[in-house]
Amino acid sequence: MKTRLLAAATLLACAHVGAWAKPIAFARGTTVMAEYGAGTMNEIQAFYAPRYWWSLGASWLELNSEDGSTQRRIELARANLLAKRWNLPGAQANAFVWGGLGRATGNDFAGSTLARNVGFQADYETRRVYGAFRSDLEESRHYSHRIDTLQLGWAPYAHDYDTVATWFVVQGRRYTGDLVRGTETALLLRFFKGGVWVEAGATRDGKPQAMAMFNF
Amino acid sequence: MNFSKISIVLLGLLLSVAASATTIEMEVNGLVCAFCAQGIEKTLKGFPATDAVLISLEHRLVAVALKDGTDIGDAELRRALTEAGYTVVGIRRTDASLETLRAGVKPHG
């Protein structure tokens with residue numbers, strides 16, 4: 001038992017996190033996602049996709065600078081668009097764009113302010129490898145943060161619809177606007193089957209991260 | 001037997017094969033994850049003629065078992081999968097049951 005705990009702790013300590021799923025799962029599908037990002041970035045999203053190429057929903061995002069001096073809470077209504085999809089034999093690539101409007105509060109300004117968000121994601125995946133780059137711009141008249149995230153994933157075996165998928169994901173993330181200095185790197189262990197997706201890991205400095213997503 | 005009689009016999013044979021087809025197999029591009037399969041399954045189960053659906057990511061296969069005496073046209077299937085976000089590259093009909101196909105796509109060993 002002690003060995004297993006040690007192995008789990010070692011895995012978490014080697015890691016650093018955050019995984020981005022697609023903002024649209026499938027037509028007439030609902031996606032609910034919650035992420036705890038080492039205390040730096042916590043997020044809850046819920047979207048409904050009437051068609052496979054667009055979805056509407058809402059998101060709640062909390063950003064905390066690594067020194068604890070800055071905090072943002074951003075609530076948005078958001079629209080996502082699948083700008084382009086490439087369906088290949090045994091592979092798929094996508095380009096998504098999105099935008100949102102809402103309100104934000106922070107500990108360095110009074111009251112709430114109009115918040116804006118735009119972003120895009122480009123991804124490519126087979127059943128064994130995965131790569132995605134995502135960029136988000138969070139803005140108001142009080143702040144501007146760009147969050148760039150690169151993920152590379154590897155599956156030790158090719159899953160199928162009726163088996164559990166297992167992925168190892170390495171992530172690099174950069175924040176602008178004095179949230180985090182340098183590039184955060186992370187390692188995640190991801191599992192999904194059917195409409196349930198869970199992942200967990202840790203940042204390089206040992207902060208835990210976790211995410212759960214449900215599609216139905 | 002003259003040509004018209006032969007044609008009628010052949011036509012009858014073709015119609016009987018089509019009428020007895022119980023399963024539709026589709027080869028689909030872009031089928032790489034469980035979420036893809038989930039969306040396709042949801043779409044196909046929306047057809048009244050669908051009895052059951054089999055999806056194999058490894059074989060890029062989507063198969064629909066039909067209820068007795070029903071059918072779904074190729075154009076309708078292509079449209080459904082295109083509107084689900086995937087590309088159909090081939091459709092064929094077979095007498096094989098979904099269980100037979102399922103046994104054929106299971107990993108060996």
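Trainee: Is strand E11 of chain A mostly covered or mostly open?

Mentor: In this predicted model, strand E11, which spans residues 196-203 of chain A, is mostly covered, with 6 of its 8 residues buried.

Trainee: And how many bridges join E10(A) to it, E11(A)?

Mentor: Strand E10, residues 183-193 of chain A, is joined to E11(A) by 8 bridges, and the two run antiparallel; within that pairing, Ala186(A) has Thr203(A) as its bridge partner.

Trainee: What sits between E10(A) and E11(A)?

Mentor: The two strands form a hairpin with 2 residues between them, and Gly194(A), in the turn, has a positive phi of about 55°.

Trainee: Okay, what about E11(A) and E12(A), which sense do they pair in?

Mentor: E11(A) pairs with strand E12, residues 208-215 of chain A, in the antiparallel sense over 7 bridges, and Gly201(A) stands opposite Gln209(A) of E12(A). E11(A) and E12(A) also form a hairpin, here with 4 residues between them, and Gly206(A) in the turn has a positive phi of about 90°.

Trainee: Changing topic: how many residues of chain B are in contact with chain A?

Mentor: On the chain B side there are 21 residues, in contact with 25 residues of chain A. Helix H2 (34-44) and strand E2 (50-56) of chain B each supply at least two residues of that side.

Trainee: Which element gives the most?

Mentor: H2(B) does, with 7 residues.

Trainee: And how does that side of chain B split by class?

Mentor: The side of chain B that touches chain A has 9 nonpolar, 8 polar and 4 charged residues.

Terms used: Residues numbered from 1 in each chain as written. Chains lettered and ligands numbered in written order. Predicted model: local features only at pLDDT ≥ 70, side-chain atom pairs only at ≥ 80, totals over all residues. Buried ≥ 20, exposed ≤ 12 C-beta atoms within 10 Å, placed from the backbone. Pairing = 2+ DSSP bridges. Contact = placed C-beta atoms within 7 Å. Nonpolar A, V, L, I, M, F, W, Y, C, P; charged D, E, K, R; others polar.
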